[in-house]
Amino acid sequence: ERATSDHSQTLTIEQDITLLPVIEGVQVYPEYIADGALVVDDVTGCIVEYGHNETILAKYTNTSEQAGQPVVKVHNYRDKLVMPGFIDTHVHYPQIDMIAAYGEQLLDWLNNYTFVTEANFSDPKVAHDTAQFFLNQLLANGTTSAMVFSTSHPESVNAFFTESHKLNTRMITGNVLMDQNAPDNLCVLAEQGIRDTQNIIDNWHERGRQHVAITPRFAITSTPKQLQMAGELYASYESVYLQTHLAENHDEIAFVKQLYPNHKGYLDVYDTMGLLGRRTTLAHGIHLEISEYERLRATGTQISHCPTSNLFLGSGLFNLPKTLSYTGVSIATDVGAGTSLSMLTTLSEAYKIQQLQSNQLSAHQGLYQITLGNAQSLLLDDKIGNFMPNKEADFVVIDMGATELLERRMAQTKTLEEQLFVLMMLGDDRVIDQTVIAGVSRYRKSTL
Ligand code: GUN
Ligand code: ZN
C-alpha cells in the first residue's frame, strides 16, 4: 500500500476481489471474475474500470512513479465477493423505532403503532438521531441507496437529507402528505403540505446525491384536493419522483372505494389526479384488476414489491411474473411493516412468496433485482447498479462464509449459482463486511 499524496488525481484499486457486476442483456446474468479488480477514481468517487486483477495491476502499478502519474492505493479483499451496493426502493425511516409491532393488519397497525411513532418526528432532535441511526443500519446491511418515506414534518426530511448528504449516499425522500383520516398532529392542510414539498425540492432536489419524491401517503389519508395539487406539482417537474402505496390490503381497498365512489377503482384515483408515470413508484400493488395492470403499463408506473411486509401484515401474495409482464417491478423492505433492512433477507422471503404460487425466483434474477434492476426502476441506472465505467463506486464487500453454517454449506456448493442461492436464502447483515459509498468506506463490520 502507498499513501495518497497531494496529486490532483488519485486512484484506488480494490484488489484481489471477486467481482459481481450485473450486466444487462436479453437474459439477466451476472459477470463473475474470480480474482478481479475494481479501479476507483478517488476524486470523483466513480468507477474507472474493472477487470482481472493481474491485468489491472500491471496497467496501473507497474509504471515507475513519475510526475503527473496518479498515486495508486491498493486494497485487498482476498476471498471476498464484491457486488454493487444494494438498493431499497421503499422503506420508512421513522418506522425503524416501531419495527416488529404485534398483532395487527394494515389499518389498525397504522393507527395503533405507526402514527403514534411518526408524531415524535416534530422534534428535530428525534429526526436527526433516527435518520443517522437508520442510515447506518442501511450501510450495515449493504444498502447504499433507497427511496424513503419520512413523516409529514418537513424537519424529518431535512434531517434525513442532511445526514445522507454527509454520508454522500444517493437517497430519495419527501415530506409525507396527509390531510385526513390520521391524527391531527400528523395532518397538514393541502396547500401547506404542497408548499413544504416545494421548499424541500428547492433546497434538496439534485443537491449532491439527494433527490426529492412527492409523497402522498395513500388515497385514504389525502383529500381529493391534496392529491390533485400533488399531481399538478409532479407535472411541473421533469425529474422529481412520486411515491405512494397501492392495493396492499382488502380493507384498505374497500375504504378507498368508499372515499372515492366515483372512481373506477383504487388506481384510478391516482390516475385521474395525475400521479402516475415513469417517475412514480407504488408500493405493494398486490390486489389489482387487469384494467389496473394495463394502466400501470400504459403510464410506465413502477411497482415496489415488499415481501417481508406483505407477510408480516398478512397482506397477501404478490404475483411477481404477472406484474412483471405489465410493468417494472422493484423489490424493497418496507420497514417498519417489513421485518428486516437486509435486501438478502428480503429476497429470501420473495422467493418463498413465489414458491407458494409455483413461480420461481433465481439467485441471478434476485441479485440483479436488488442492484441494477432496482436502479432501472428508479431511473438511476446511468449512475448506480453495476460496475460500468463512470458509474458511482457504491459497493459491498461480502463474506460468503460469515457464519459457521454458511461456511459449512458453501463448502458443499459446486457452482456459482448454487453459492449465490445459498447467499440469497441465508445471508443477512452478518455477511456484509464493508460498505463503500462513492469510493469511501462508510461501514466496516466489527471484528470483536
Ligand atoms: N399504507 C399507508 N401507509 C403505510 C405504511 O406506513 N406502511 C405500509 N406498509 N403501508 C402503508
Ligand atoms: Zn410503505
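Modeller: Let's start where two helices touch: Pro154, Val157 and Phe161 of H4 meet Asp196, Asn199, Ile200 and Trp204 of H5. Being in contact here is a matter of C-beta atoms, placed from the backbone, lying within 7 Å of each other. By class, this contact of H4 with H5 has five nonpolar residues, one polar and one charged. In that scheme Ala, Val, Leu, Ile, Met, Phe, Trp, Tyr, Cys and Pro are nonpolar, Asp, Glu, Lys and Arg are charged, and the others, Gly among them, are polar.

Before we go on, a word on the ground rules. This is a predicted model, in which local features need pLDDT of at least 70 and side-chain atom pairs count only at pLDDT 80 or more, while totals for chains, interfaces and linings use all residues. Residues are numbered from 1 along each chain as its sequence is written, and chains are lettered from A and ligands numbered from 1 in the order in which they are written. Helices (H or I, at least four residues) and strands (E, at least two) are DSSP runs, numbered from the N terminus.

Now for the geometry. Two packed helices are described by the angle between their axes and the distance between the axes. H4 covers residues 154–167 and H5 covers residues 190–204; their axes come within 10 Å and cross at roughly 15 degrees. That makes H4 roughly parallel to H5. The axes are lines fitted to C-alpha atoms, for helices over the stretch in contact, with angles from 0 to 180 degrees between N-to-C directions. Under 35 degrees counts as roughly parallel, over 145 as roughly antiparallel, 65 to 115 as roughly perpendicular, and the rest as oblique. H4 passes H5 in a right-handed crossing, where right-handed means that the near helix is turned clockwise from the far one by less than a right angle, and left-handed that it is turned anticlockwise.

H4 also packs with helix H3 (residues 124–140), at an angle of about 40 degrees and with the axes 8 Å apart. H3 is therefore oblique to H4. The crossing of H3 and H4 is right-handed. From H3, the contact uses Pro124, Ala127, His128, Ala131, Gln132 and Leu135, and from H4 it uses Glu155, Ser156, Ala159, Phe160, Glu163, Ser164 and Leu167. Sorted by class, the contact of H3 with H4 has seven nonpolar, four polar and two charged residues.

One last stop is the loop between strand S11 (176–177) and H5, where you will find Asn181. Asn181 has a positive phi of about 50 degrees, although it is not a glycine. Most residues other than glycine have a negative phi.
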